[in-house]
Amino acid sequence: MKPLNKTLLTTWILLIVSCGGSKEVVRHNVHPEDITPETIVAKHRANAAKLKFMKATATVQVQSPTSGNQFSLQIALKLPDSAYIKIEGILGIDGLKASLNRETYVVYNIMNKTVSLGSTSPRAIRKTFDMDVSFDDMMGLLLGLPKIQKNDLDSLTEFSAEESYYVMTIHRHDHKQKIWFDPFADYAISKVVDYDLSGEISMEREFTRFYKEGDAWFPRYVRLTRPQKQDLLSLYFEERQLDKTFPSSLFIIRYPKDAEILKN
């Protein structure tokens, strides 16, 4: 038997390696002098800027000193400010349906046959996720992409880098906030940490395992913690569908006539 030609052998090995799967992104350290905060914010806002609709399924885990639950979540978002949420509990039994926008909310607890409705607030959002967050924070968690506004740069006090992430420190009227941007995911936000007036962490949000869906980068995993209250909320996104329209009637929560109405 003739020995295999070395050139053919090398080509064959390279072909196998190249077909073995996509290569992981090689991360390297970044430096703040290489880019301006204004450029980062512009690139950050361009990621998913054209997105109007998103449907997703996720597994949610909620933990607090008084409770702990895990359930399946169906999400429908009409951006920028409408959300439909359906929660399934054990054995796929529907547990809750909610429709929220910036002004009003409706939450139908199917198991208890109660309907909560009124003006949207962190207290109202707690009826859905058992955690107090603002409407903007909720939308950022459900989408997986919290936003920073252009005028936030007016409160920027420090711009730095930590390994492969750019970091901005913003002083707001009642707290300090540090924001980590990932240049390897079109400058999506990978972490936000809020500090209270005493310097303690009041809330931390993490967005990890980014992947590209369509023209935008999204995290597979989202985690929110409140260390002082020992609260945790995590979402693992199993599937996302982008810009597939759905009827506005989806945001109408229907419930039986004998359900107890609780107005806030």
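**Reading a predicted fold, term by term**

User: Which residues of α3 are buried?

Analyst: In α3, which spans residues 122-129, they are A124, I125, T128 and F129.

User: What makes α4 count as mostly covered?

Analyst: Eight of the nine residues of α4 are buried. They are F135, D137, M138, M139, G140, L141, L142 and L143. Just past the end of α4, G144 takes a positive phi of about 90°.

User: Where does α4 stand in the largest nonpolar core?

Analyst: That core has 45 residues, and L73, M138, L142 and L233 have the most contacts inside it. Helix α4 (residues 135-143) gives the largest share, six residues. Leaving aside residues up to four places away in sequence, M138 touches A83, L100, I125, F129 and V133. Two of those names, I125 and F129, are among the buried residues of α3. Another core lies apart from the largest one; it has 14 residues, including I35, I148, I179 and F181.

User: Why are Y166 and Y187 called a stacked aromatic pair?

Analyst: Two values decide it. Their ring centres are 6.3 Å from each other, and the cut-off for a pair is 6.5 Å. The planes stand at 20°, and an angle under 30 degrees counts as stacked. Both tests are passed, so the pair is stacked.

User: What makes this a link between distant parts of the chain?

Analyst: Y166 sits in strand β8 (residues 165-171), while Y187 is in the loop between β9 (176-182) and β10 (188-195). They are 21 residues apart.

User: How do you know whether Y166 and Y187 are buried or exposed?

Analyst: Compare each value with the limit: buried means under 20% relative accessible area. Y166 has 5% and Y187 has 14%, so both count as buried.

User: Why is the pair of F246 and F251 called tilted?

Analyst: At 5.9 Å centre to centre, the rings are within the 6.5 Å limit. Their planes make 45°. Stacked needs under 30 degrees and edge-to-face needs over 60, with the rest called tilted, so 45° gives tilted. F246 and F251 are both buried, and together with F53 they form one aromatic cluster. The whole structure holds five aromatic pairs.

User: What makes you say that K176 sits over the ring of Y195?

Analyst: The charged end of K176 is 4.9 Å from the ring centre of Y195, and the distance limit is 6 Å. The direction must also fall within 35 degrees of the ring normal.

User: How much of the protein counts as buried?

Analyst: Of its 264 residues, 42% do. The accessible surface comes to about 15,300 Å², and 51% of that belongs to carbon and sulfur atoms.

Methods: Residues are numbered from 1 along each chain as its sequence is written. This is a predicted model: local features need pLDDT of at least 70, side-chain atom pairs count only at pLDDT 80 or more; totals for chains, interfaces and linings use all residues. Side-chain values use heavy atoms; hydrogens and water are left out. Buried means under 20% relative accessible area, exposed over 50%, partly exposed in between (1.4 Å probe, protein chains only). Helices (H or I, at least four residues) and strands (E, at least two) are DSSP runs, numbered from the N terminus. Rings of Phe, Tyr and Trp (its six-membered ring) pair if their centres lie within 6.5 Å; planes under 30 degrees apart count as stacked, over 60 as edge-to-face and the rest as tilted. A nonpolar core is a set of buried Ala, Val, Leu, Ile, Met, Phe, Trp, Tyr and Cys residues joined through side-chain atoms within 4.5 Å. Contact means heavy atoms within 4.5 Å. Accessible areas come from the Shrake-Rupley method with a 1.4 Å probe; for residues, only the protein chains shown count as cover.
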